[in-house]
Amino acid sequence: MDPLRYPPVRAVMFDLDGTLLDSAPDLACAANRMLAALGLPGRDPELLATFIGKGITRLVERTLAGSLEGAADAPLVARALPLYERFYEEESGRNTSVFPGVTEGLEMLAREGVPLACITNKSERFTHALLDQTGLAHFFRTVVGGDTLPRRKPDPLPFLHACERLGVAAREALMVGDSQNDVAGARAAGCPVVCVPYGYREGMPVDALGSDAIVASVVEAARLVVASRRSLARGTEA
């Protein structure tokens, strides 16, 4: 069954880091500045990119431990967290870029009149600032950050909240993401979900995430949504 056809997609939701924006360089730079301030050796930016996805606190813990599943002493985390937040506020947007096909895809959906949401585990203040800096803010009717609600991805609450704000049922809202957080949360909320093959997946291969489909880019996802909506409209008219 084509996840874009039954029922028809009436809204689209997007993850931020790793789907719309390549923010890993800024996140890694802030993490290494934090380590330096603590008198600790820096880490490979490619390794740090695999730590993205579970919010700032978990990123800090993973950075201190040097592994995905590692833990750090609570007092050290308490010292490190405000340092990371200060450094990331300084670095955020400095080397972040919009992935190819993102602006084109969002423009295509906007022309079609499809309401859009951004759902991320990044805090709201950083999210809104990045969307403004990259020129993407105007595309989104609603933005759900990691601190908007009591629970964050992969909990279904952010997805259900976004659907309510967009005025659609969960089954009518397509999620476009890059990670297990996106797939698990969308599944729990009852939303169809597709993944891009790039991004930050905490070391998991994209075909192991269990999405309904893998799309090459945001613009490919947009083309599928527009084509599906128009095909259904023609069928209804007939």
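This is a predicted model: local features need pLDDT of at least 70, side-chain atom pairs count only at pLDDT 80 or more; totals for chains, interfaces and linings use all residues.

Modeller: Residues are numbered from 1 along each chain as its sequence is written, and side-chain values use heavy atoms, with hydrogens and water left out.

Biologist: What is the order of the strands in the open sheet?

Modeller: Helices (H or I, at least four residues) and strands (E, at least two) are DSSP runs, numbered from the N terminus; two strands pair if DSSP finds at least two bridges between them. Here six strands form an open sheet in the order β5-β4-β1-β6-β7-β8, with parallel pairing. Since β5 (142-144) and β8 (213-214) each have a single partner strand, one side of each is left without a neighbour in the sheet.

Biologist: Which bridges join β1 to β4, and which to β6?

Modeller: Three bridges link β1 (residues 11-14) to β4 (residues 116-119), and four link β1 to β6 (residues 173-177). Val12 has Leu116 as its partner in β4 and Leu174 in β6.

Biologist: Are the faces of β1 covered or uncovered?

Modeller: In a regular strand, side chains alternate between the two faces of the sheet. In β1, Ala11 and Met13 on one side and Val12 and Phe14 on the other are all buried (under 20% relative accessible area; exposed is over 50%, partly exposed in between; 1.4 Å probe, protein chains only).

Biologist: Is Arg62 buried or exposed?

Modeller: Arg62, in helix α3 (residues 56-65), counts as buried because its relative accessibility is 5%. Beyond neighbours within four places in sequence, Arg62 has contacts (heavy atoms within 4.5 Å) that include Phe51, Leu68 and Glu202.
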